[in-house]
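Open the model in your viewer and keep the selection panel at hand. The stops below go from one interface to another.

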Amino acid sequence: MTNLHGIIFAYHSNDSLGELSKPRNTCSLPYGGRYRLIDFMLSNMVNAGVSDIGLIVHENYQSLLDHVGSGKDWDLSRKHGGLRILPPFSTAESAHHTYSGTLDALTGVSTYLSSIRQEHVVLAWGDMALNIPLSAVYQQHVERGSDVTMVCSDRHYGVPSSTQYLTTTSDGRVLDVLTYPSTAPEAAEFLSICILSKSLLLELIEDCATHDVHTFTRGALLPRLGELNIHTYTHTGYVARFDSVRDYFDRSMDLLDPDVRRQLFLPDSPIRTKDRSDPSTYYSPDSKVTNSLIADGCVIEGKVENSIIFRGVTVEKGAHVRNCVLMQGTVVKAGADLAYAIADKNVTVETGHCLLGNAAFPIAIGKDSTV
Amino acid sequence: MKKECVAMLLAGGQGSRLYALTSHVAKPAVPFGGKYRIIDFPLSNCINSGIDTVGVLTQYRPLELNSYIGSGQPWDLDRSDGGVHILPPYMREGDQGTWYKGTANAIYQNIGFLDMYDPEYVVILSGDHIYKMDYSKMVAHHKKVGAACTISVLEVTMEEATRFGIMNVDAEDRIFEFEEKPAHPKSNLASMGIYVFTWSKLRRYLIEDEADPNSANDFGKNIIPNMLNAGELMSAYRFRGYWKDVGTIDSLWDANMDMLAPRTSIDLYDPTFPIYARTPIRPPHFTGPNAVISHSLVTGGSEVYGTVENSVLFHSVTVEEGASVRYSILMPGATVKAGASVEYSIIAENAVIEAGAAVGTPPDATDNWGVAVVASGVTIGEKATVSANAMIREDVKGGERA
C-alpha cells in the first residue's frame, strides 16, 4: 500500500459547457462512450495503489453520487478508508456559497484532512481525461525530496484564459506561476495535480485561512516559491480538458485516433467505471458503421460514421448518424438524420427529424429531451 | 438462517464433448454470447427468481470458475445471509472423503450445507444450459400440486424425443414413467435437467441411495426412478421458451448464433430479466474506417478493421484490415490478422490466426463437415489452412494444413 492519500476536487460546474453541464457537475460529464470524467482521476489514483480517496463536492452532485456509489467499481468500498464523499460541513460558512477556490474547499474539509492516515496527499481535479502514472509522480516527489511536486504537460491542451502555466529552471524547479493569461505563454501547462506532505498541506491551510487566502496555487504556493522546494513532473500522454461544447465535441472526436486511445486506455492501468451489465452490441444486417467508438448494449440498425456511441443506444434502420456523440440511452428513430450533434442521456430523436450542426458549432441536445 | 428455497448448481462436469474448449476450464466457465459465461444464465435466473442462496458444486478444473464467481457480487449474490457458495468435495474424519461420484452423490455430500439453511425446497440446476426461467413459478407449481419432486419439461418433436430423458405423464401432468433416450417415445416431454424437490423427501432418498453399493448415485438413473417406484407425487412443469443444452461443439455454436436473433431466442436486452456477468474493464469497441459488420455481436475492447458477418465477438478481439470472419465465434482476446479468413469456426481465448491463414469452410453436403475449433492460446501460422471439423489444440506452422 502506498503512503499517498487522494483528494479529488469535484465541486465545480462549468457553465461554459451549456446544455451538458445543466444536469450535473463537470466531473460527472459522460465521456468516451462509457465513462464519466471522474473515472479517470479515480482510476489513476487506484492504479497508483491509493486506497483512501476524499471527493470534495458542493452543489449539483446527485449524478456524481449515483455514479460512484460506494466506490466498489474502483475497489474503494473498504472497511477502513476507501472512498469518502466530502460535502460542505453544514454549519460552516462555506455551505452557503460555492467554494471560491481550492484552498477554500480544503478549508471546508479540514477536519477530514487532519484525520488522513497517509504521510502524503495528491490533490487533483476530477474534470479531465488523462491516464497518468501517479506512482511515478510520487516516486519522483520522494526521491527528489521535494516539498511540492506539480504535474504539468509537455503540450498545451487547455484554453489559456482558464489554465495555469509554470515556468521552471532547467532542472524543473518552479520559478513562476502564470494564471489565466489571455494567450498561451512559452511555459508548461499545469494540470492542477500536486503532491505534498499532509503536514505541509495542513500548515498552508491554517496559514491561508487566517490570511483570507482562498486559492491554492496562486494564494498558497506562488508566494512560497522561494522558500519551498517546488518541482514539476512532466506528463507526456494525452490530456482532454473541457471548456466549451466545442471542446467537448473535439475531445470526443480525438478518441477516434488510435494513438489517443492508446494513451488513455492502457491495459495495465485501466480506466474503471460503473458496471451496468450490458449485453454486447448488436449490428443488424442493414447496419453500416465506420470509424466509430461504440460501447456495449447498443442496437445498431442504421448508418453510423465518425461517432462516439455510449451504452444502450439504439440507431434504427434508415437513421443516419455522422460526427455525433450519442450518450447513454439515446434513441435515433428510423429516417432521422444527425450530424455534428451531441445527444445527452436518454434523448429521443423522432422519425424523420433532421439535426445538422457543423464542426465549428456542434448542437447539444439536453438530457431526456425528445426531438 | 432458514431459507424457503436454496438452489444447487451442478458445475463439476468436465464437458468432455466440448473437447479443447474445456481442456483448461470447467464447462460452466466456457464463454457464451459475447459477454457471458454459461453459468451466468442459471445464476442470473436464481437472483431474478428471488433465490439468494446458491451452492455451486465444483470438481473439474475449478480455478477459473471459482475466481469468476468470486464473492457473487455481479449477480447480487454477495450476501451476509446466504449468497453464493462454492462447494468442492472435501475430506472427512475417519474415511478419506471422495470425489463427487454422481449428481446425486454431489448433493449427498453437501447435506450439511443444505441443513445449515434448512430449506423447504431445493432447486437442482445444471451449469450447461442457456435459458431464462423464473424458478419461483416452478416452485409455486410444486407447492400447489403438493409434489415431492417437480421436473421442468420442454415439448420437443417426437424425432428429438429420442435424444432426451422423456417424462410420460397422466392428464394432470403427474409423471408415471421416466424413459432415458427411448427408441420409441410415448410422449414429447423432455426433461430439462431442472428439478424442484421437497428437501425433507430428497434428503431421505439421497441417504438411501448412498447406502446402495450398486447405485450410480445419479438423479436421472437412480433418485428419480426410486421416487417413482415408491409412489411419490412427481409433477411435470411445462416450460415454454428458449432452452438449449450447450454440451457439444455444434450446440454451443448454434446457441451462440441464436443470440443474433433475439425474437426467436433470448432477449438479452430485456431490462426486466437481465443476465448478469462479471465484466472485465475495457473501453468501448472500435469500428475502423473500412470495417464491414453485419448481423453480429461485438463487445468492449475489440477493434474491428475487417469484415465481420453473422458472428459473435467477445471482448478484446482484434479483426485486422482485410481479414474476414463469417459465422464464427471469437472468444475473448482472439486475434485475426490481415487477410486471414475465419468461417464456421470457434476461436477460443487469446488464439491468434496469423495473416493470410484460412480456418474452417462453409457447410458442404459431406458427413465429415463440422465447425472448426482452435483452442485457447493456439497460433495458426501465416497462410496455414485449418479444415472444417478440425480440433486444433497445438500451434499450426505457417503454410501447413491441419
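Select chain A and chain B together: 2 salt bridges link them, a salt bridge being a side-chain nitrogen of Lys or Arg within 4 Å of a carboxyl oxygen of Asp or Glu. To see one, pick B:K35 and A:D296, whose closest N and O atoms are 2.4 Å apart. This is a predicted model, in which local features need pLDDT of at least 70 and side-chain atom pairs count only at pLDDT 80 or more, while totals for chains, interfaces and linings use all residues. Residues are numbered from 1 along each chain as its sequence is written, chains are lettered from A and ligands numbered from 1 in the order in which they are written, and side-chain values use heavy atoms, with hydrogens and water left out.

Next, show polar contacts (N or O atoms within 3.5 Å; within protein, one must be able to donate a hydrogen and the other to accept it, and residues adjacent in sequence count only if both atoms are side-chain atoms). Between chain B and chain A there are 21 residue pairs of this kind, both residues at pLDDT 80 or more. On chain B, select β14 (285–287), β15 (292–294) and β16 (296–298), each of which supplies at least two residues of the side that touches chain A. Strands here are DSSP runs of E, at least two residues long, numbered from the N terminus.

Zoom out to the whole interface. Chain B has 32 residues in contact (heavy atoms within 4.5 Å) with 34 residues of chain A. About 2,500 Å² is buried between the two chains, 51% of it on carbon and sulfur atoms; buried area is the accessible area (1.4 Å probe) that two parts lose on being put together, summed over both. Select B:Y269, B:I281 and B:P284: they supply 24% of the area that chain B buries against chain A, more than any other three residues.

Methods. Helix = DSSP H or I, 4+ residues; strand = E, 2+ residues; numbered from the N terminus.
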